[in-house]
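Please keep the structure in view while reading.

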Amino acid sequence: MSDHVYKLLELTGSSEVGIEDAVQKAIAKASQTVRNMHWFEVVETRGHVADGKVAHWQVTIKVGFTLE
């Protein structure tokens, strides 16, 4: 196995459904332009409240990808 050098990209995804959906949306969007993504780390979770209910989830992640 060769040595890898990773670069980190910080993304924030949002969802009305939940935390996992927000992460999935952020990674799916980034995968349209970023290659070689291998892992992610959740660094912040927050939400938006409207009318006494959770309206949106926002999740900030760091995604690691290898440089070519």
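Trp39 is partly exposed, because its relative accessible area is 34%, where buried means under 20%, exposed over 50% and partly exposed in between (1.4 Å probe, protein chains only). The model is predicted, so local features need pLDDT of at least 70 and side-chain atom pairs pLDDT 80 or more, whereas totals for chains, interfaces and linings use all residues. Residues are numbered from 1 along each chain as its sequence is written, and side-chain values use heavy atoms, without hydrogens and water.

Trp39 lies in strand S2 (residues 37-50), a strand being a DSSP run of E with at least two residues, and a helix one of H or I with at least four, numbered from the N terminus. Together with Tyr6 and Leu8, Trp39 forms a nonpolar surface patch of about 290 Å² accessible area.

The strands pair as follows, where pairing requires at least two DSSP bridges.

| Strands | Sense | Bridges |
|---|---|---|
| S1 (residues 6-15) and S3 | antiparallel | 10 bridges |
| S2 and S3 | antiparallel | 12 bridges |

Ser15 stands opposite Trp57 in S3, while Phe40 stands opposite Val63 in S3. Between S2 and S3, which form a hairpin, there are 2 residues, and Asp51 in the turn has a positive phi of about 55 degrees.

Methods: Patches are made of residues with over 30% relative accessible area and no salt bridge: like charges are joined within 9 Å, nonpolar side chains (Val, Leu, Ile, Met, Phe, Trp, Tyr) within 5 Å. Accessible areas come from the Shrake-Rupley method with a 1.4 Å probe; for residues, only the protein chains shown count as cover. A salt bridge is a side-chain nitrogen of Lys or Arg within 4 Å of a carboxyl oxygen of Asp or Glu.
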